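Welcome to the tour! Keep your viewer open and your selection tool ready, and take each stop in turn.

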Amino acid sequence: MKIADKVSKNRIENQIKTLAQIGATGEGGITRLPYTKDERAAVALVKSYMEEAGLQTFFDQFGNLFGKLEGKSTEAPVVMTGSHVDTVINGGAFDGVIGTLGAIEALRVIRENNIPHVHTLEACVFVSEEPVRFRAGTLGSKAAIGDFTQSDLDRLKDKDNISLAQAIKECGFNPEQLESVRRDPAKIKCFVELHIEQSIILETKKLPIGVVDQIAAPTNFRLTLKGKAGHAGATPMNMRNDAFMAAAEIALEIERIAITIGKEAVGTVGEVKVIPNAINVIPGEVILGIDVRDVTSKRKDEAIAEIEKSINNIAARRNIEAVIEIIQKQEPVKTSPQIVDIISSTCNELGLPWCNITSGAYHDALNMAKITDIGMIFIPSAGGISHAKEEFSSIDDIYQGARVLAEVLVKLAS
Ligand SMILES: [Zn+2]
């Protein structure tokens, strides 16, 4: 018997549809920001799915949810799987959700069919994966690996000035017990996450499964450029310190540097704040939000160094003051070659064509990689669209992803 054949397409489809109603906005998207009523309602629904599946559920004091299926050995390290159910503002119904529901379905069919497994299996829902409410992402998994401090809890605030600590408390958890949230690496065997690709490679290659071999990670920084505001009519061109013109030149440099490095290197200027932002005033100040990613730390650091050099040159030539502030720096990771082998051989057994793939987006798995072996299974995203109401993956692809996940978990936990 193949455990993959026990996975229920109907059940997953119904659960996705039910979950999508929570936080549904008038504009056709879904908004479930962490520690809000809607996000907690989604987590509660998922908890009920875990219980229906026969899993023992528990929360940690950060608000992460777990559903456990005990193995033959209580000593053997746990095989973890899962994702998240929080969303961006007006996001889609699949990001995080398919990895969450796929994990529960996999554990359910393993239990219902009495598949023997030595290792305990755990489905997890990490809280606050999207960097929207607290402007920093993958917080639940960061706390679970112990990469989080009490001061982070107070420092991170939402737009209404509510701290993360306060938000956690309001949901009935105790953020002061951060130490209890931390998982012991010795007690975890591995972490596997099923996720939508959020890019167009699988769709372009017409493949149902991507086996992630590396995850790119971002360095995010804020660049403040200070020039001199002036009258757009009265200030001659040769007497200006236009902060926006420096910003424009820097943005093009970032593009050029990323293209020159090639391969997986990407550079994005996604935020621009122009001050005073008036049609007849030379911009006196510009703030840029810059995101640079690559799959090796060395190449990413080299790109950042080159960008910094260009910023300084351009600022000096234009007589502009430039201040660079690093917001976050994450290290890219390679997934476990053994898990890559298990996922790809499982695809072969199930007759599913696959390819190795780089994850350009980062996930909770990126944190988990700091304490355990990780693997990721990708399924196609229509048009590569994600973090938008148009986000879509077909139920057939989701079903195949869940089938692969179930087989992989059986192998990892046996
Ligand atoms: Zn996600």
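Start by selecting S394, which sits in the loop between strand 15 (373–379) and helix 13 (395–413). Helices (H or I, at least four residues) and strands (E, at least two) are DSSP runs, numbered from the N terminus. A word on what you are viewing: this is a predicted model, where local features need pLDDT of at least 70, side-chain atom pairs count only at pLDDT 80 or more, and totals for chains, interfaces and linings use all residues. Residues are numbered from 1 along each chain as its sequence is written.

Is S394 buried or exposed? S394 is exposed, because it has 12 other C-beta atoms within 10 Å. The cut-offs are these: 20 or more other C-beta atoms within 10 Å of a residue's own make it buried, 12 or fewer make it exposed, and anything in between is partly exposed, with C-beta atoms placed from the backbone.

Next, select helix 13. Of its 19 residues, 16 are buried, so helix 13 is largely enclosed by the rest of the structure. At 1.5 Å a residue, those 19 residues should span 27 Å, and the end C-alpha atoms are 26 Å apart, which agrees. (The expected span is 1.5 Å times one less than the number of residues.)

Move on to strand 1 (residues 56–59) and strand 2 (residues 65–69), which run antiparallel and are joined by four bridges. Strands pair if DSSP finds at least two bridges between them. Pick F59 and you will find its bridge partner, L65, in strand 2. The two strands form a hairpin with five residues between them, and in the turn G63 has a positive phi of about 100°.

Now colour by domain, using bounds from an automatic or database domain assignment: domain 1 is 3–216 + 332–413 and domain 2 is 217–329. Their centres, taken over C-alpha atoms, are 35 Å apart. Nine residues from domain 1 and 11 residues from domain 2 take part in the contact, where two residues touch if their C-beta atoms, placed from the backbone, lie within 7 Å.

Finally, zoom out. The chain has 13 helices and 15 strands, and its C-alpha trace spans about 80 × 45 × 40 Å along its principal axes. Buried residues make up 49% of the 414 residues.
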